[in-house]
Amino acid sequence: MNTYPLSFSFKGRLSGKARPRFLKGENKIYTQRKTQNQERMIQQYFIASFGKPLLVSPLSVKIELTLEPPKSWTKYKRSHALNGKILPTIKPDLDNVAKLILDALNGFAYQDDRQVTRLEINRSYGISDKVQVEISPIGGEV
């Protein structure tokens with residue numbers, strides 16, 4: 001039996017969900033391999049932590065994205081970034097990261113990402129690249 005929130009994290013930097021691509025001359029749409037690989041990685045981390053609980057209730061999802069400051073920055077600037085005085089306004093876009101994670105967990109953490117009724121996503125600088133995801137049921141039914 002799982003306790004809530006379901007919380008898992010992994011080291012690394014996500015690039016966000018890429019737009020679907022179209023094959024010229026054909027009526028086919030496909031997802032880029034990089035996006036597919038990142039979705040599989042997220043699924044593997046989730047399954048390793050929780051199996052496949054398939055929640056059915058409305059959900060709250062919190063995503064914390066930690067980015068390492070560029071190595072080219074001075075010690076002074078890196079220090080300011082790590083103390084929260086400089087915030088990351090760089091890629092990946094937060095909405096694309098949320099889309100990547102929510103789509104990856106479809107059929108694993110929950111039936112469909114339309115169940116997510118609350119979404120909080122934050123990006124900050126930290127010692128290393130890391131992603132933290134928390135999923136909580138809202139209401140009585142899980």
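Is Asp129 buried or exposed? Asp129 is buried, at a relative accessible area of 18%; buried here stands for under 20% relative accessible area, exposed for over 50%, and partly exposed for in between, using a 1.4 Å probe and protein chains only.

## Ground rules

This is a predicted model, where local features need pLDDT of at least 70 and side-chain atom pairs count only at pLDDT 80 or more, while totals for chains, interfaces and linings use all residues. Residues are numbered from 1 along each chain as its sequence is written, and side-chain values use heavy atoms, with hydrogens and water left out.

## The overall layout

The chain has three helices and six strands. Reading from the N terminus, they come in the order β-β-β-α-β-α-α-β-β. Helices (H or I, at least four residues) and strands (E, at least two) are taken as DSSP runs and numbered from the N terminus.

The C-alpha trace spans about 50 × 50 × 25 Å along its principal axes. Of the 142 residues, 33% count as buried. Take the contacts (heavy atoms within 4.5 Å) with a separation of 6 or more: 82% of them are accounted for by residues 24 or more positions apart.

## Helix 1 against helix 3

Helix 1 (residues 33–50) and helix 3 (residues 94–104) have axes that come within 9 Å and cross at roughly 60°. That makes helix 1 oblique to helix 3. For the angle classes, under 35 degrees is roughly parallel, over 145 roughly antiparallel, 65 to 115 roughly perpendicular, and the rest oblique. The axes are lines fitted to C-alpha atoms, for helices over the stretch in contact, with angles from 0 to 180 degrees between N-to-C directions.

On the helix 1 side, the contact is made by Thr35, Gln38, Glu39, Ile42 and Gln43, and on the helix 3 side by Leu100, Ile101, Asp103 and Ala104. Sorted by class, that gives four nonpolar, three polar and two charged residues. The nonpolar class holds Ala, Val, Leu, Ile, Met, Phe, Trp, Tyr, Cys and Pro, the charged one Asp, Glu, Lys and Arg, and the polar one the others, Gly among them.

## What sits inside helix 3

The buried residues of helix 3 are Val97, Ala98, Leu100, Ile101, Leu102, Asp103 and Ala104. Their cover includes helix 1, strand 4, strand 5 and strand 6.

Asp103 counts as buried at 17% relative accessibility. Its salt-bridge partner Lys99 has N and O atoms 3.3 Å from those of Asp103 at the closest, and at 42% relative accessibility Lys99 counts as partly exposed. Both lie in helix 3, four residues apart, about one turn of the helix. Salt bridges that share partners join Lys17, Glu39, Lys99 and Asp103 into one network.

## Other salt bridges

A salt bridge needs a side-chain nitrogen of Lys or Arg within 4 Å of a carboxyl oxygen of Asp or Glu, and by this rule there are eight.

Back to Asp129: its side chain meets that of Arg13 in a salt bridge, 3.1 Å from N to O. Asp129 lies in the loop between strand 5 (116–125) and strand 6 (130–137), and Arg13 in the loop between strand 1 (6–11) and strand 2 (21–22), so the pair ties together parts 116 residues apart in sequence. Arg13 is partly exposed, with a relative accessible area of 37%.

Arg78 pairs with Glu68, with the closest N and O atoms 3.8 Å apart. Here Arg78 is in helix 2 (residues 75–82) and Glu68 in the loop between strand 4 (59–67) and helix 2, 10 residues apart.
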